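Please look through the sequence and the model below before reading on.

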Amino acid sequence: MNKRNLLLRDLMYLYTSIFCASIQNIVTQMFFDRYDPENKELLLFTTLFCGAVCTMLGILASSRMRKNGIVLLTGMIAAVILSFAGLFYIGTFWMYTILFCIASFCINYVYNTFDVYITATVPPENREWNVRVLLGYQMAGYLISPLFFSVFASRSWVCITFSVLLGLCSYVPIGKEYSMASKHIPEKKADVKWSVTLLEEDRKPMLYCFFMFMAIYILMPSIAYLLKDYLGVSGYAVRSSLFLAGIVLFSSVVILFCPAPDMWRARIASPLILMGALIILLLLRSGHAAVLAATAVVSGGGYGIFLSGSRHYVNTAEAERHLIARYNQIMTGASLAGYLFSALIGWFCTQRGIPAVPVKYSVILLLFASAAVCTGGKKHRPDRKGS
């Protein structure tokens, strides 16, 4: 398998990241700020929590299916595109949440199926290259998505056309390959369990990933409201998108130019850097462009270290350790916990008339500190050769 083929089939990661970044970090925030600004914190994270439940169900369903046929996967992809398009025409909380959940279930069913297949079929000599490609696509999606949808959110037909065309371009290459290969893939045993017991050496790394993901899943959707309600930034939708783009852009630099094994060894730096950036932003309480740019760059460095190192760890581990599926499950479990906790914080602060930002960001800092603690002790390293 040459590198060109890897570039084509990994386009699936690009579409998934564009979809997730848009509905988690900008589109849903704008929806609730427009339709119910008084309860936006509670409604936002309630919807995100429901979506995370469906994400987990999608991953579980994909893992438990005896064989994922291409017809089923094609139907799932169509459902993602149609439900995503519907988000731009809905004006009520319940209908928005239902479409959000359908899209979340289907895209993660497809994502988990293809992610496991792609990782299992990458030649040993191309494993590190594959990690760079998939993370590069994910970073590109996180960079493009908030900017695009914050600018074109009022033009539904532009958003829908963009999502349909990109979906086709992203899923056709991997779909064709999977369709041909699935004829030779044996059916999974009926007693295969998704909750494979972790080896002792993997427990701390996976706990580290859980705390990092939980903090990130609370932080990223909160940026728009942080800039608007706490820092008093005008034009918050575009400015928050630029802030997120800055984080992603510098993360991409770290991913592309810093060796992934070194990033895993330096993983303690990630939560510490992110903590420092948030503390500066909260203490200065300034929406000045220079302050936002500086904290975005610093945060991007910390985020890049985490993504590069953690994905390298799971992608280069022995297949018998089942870390790819576990990583996806932990990421989803962390989003569930993070969104539920954020919804409870929003409800509590609304009831008591307390500003939500200081409470929420105190929790985020505590989670980053917990992640840093989980990097201590015995050294951990992947097992596969050629990575």
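## Surface and charge

The accessible surface of the chain comes to about 16,300 Å², and carbon and sulfur atoms account for 68% of it; such areas come from the Shrake-Rupley method with a 1.4 Å probe, and for residues only the protein chains shown count as cover. This is a predicted model, in which local features need pLDDT of at least 70 and side-chain atom pairs count only at pLDDT 80 or more, while totals for chains, interfaces and linings use all residues. Residues are numbered from 1 along each chain as its sequence is written, and side-chain values use heavy atoms, with hydrogens and water left out.

The chain carries 33 positive and 19 negative side chains, and the centres of these two sets lie 1 Å apart. In this count Lys and Arg are positive and Asp and Glu negative, with His and the chain ends not counted, and each charge is placed at NZ of Lys, CZ of Arg, CG of Asp or CD of Glu.

## Overall fold

The secondary structure consists of 15 helices and zero strands, where helices (H or I, at least four residues) and strands (E, at least two) are DSSP runs numbered from the N terminus. The radius of gyration of the chain is 20 Å, close to the 21 Å that the globule rule gives for 387 residues, so the chain is as compact as a globular protein of that length. This radius is taken over C-alpha atoms, and the rule is 2.2 Å times the number of residues to the power 0.38.

Along the principal axes, the C-alpha atoms fill a box of roughly 60 × 50 × 35 Å. Of the contacts (heavy atoms within 4.5 Å) between residues at least 6 apart in sequence, 87% join residues at least 24 apart.

## The buried interior

Buried residues make up 57% of the 387 residues, where buried means under 20% relative accessible area, exposed means over 50%, and partly exposed lies in between (1.4 Å probe, protein chains only). A nonpolar core is a set of buried Ala, Val, Leu, Ile, Met, Phe, Trp, Tyr and Cys residues joined through side-chain atoms within 4.5 Å. The largest such core has 124 residues, of which F149, Y171, L226, Y361 and F368 touch the most other members. Helix α9, residues 200-230, gives the most to this core, with 19 residues.

Leaving out residues up to four places away in sequence, Y171 touches M12, Y15, T16, I77, I107, V110 and F114.

## Selected residues

I26 sits in the loop between α2 (11-25) and α3 (27-35), and at 1% relative accessibility I26 counts as buried. Apart from neighbours within four places in sequence, I26 is in contact with A21, P146, F149, S150, A237, S240 and S241. F243, in helix α10 (residues 236-257), is also counted as buried, at 6% relative accessibility. With residues up to four places away set aside, F243 touches I223, L281, L292, T295 and A296.

P358 belongs to helix α15 (residues 356-373) and is partly exposed, with a relative accessible area of 39%. Although P358 and L226 are 132 residues apart in sequence, their C-alpha atoms are 9.8 Å apart in space. In the loop between α12 (269-284) and α13 (289-315) lies R285, whose phi is near 50°, a positive value in a residue other than glycine.
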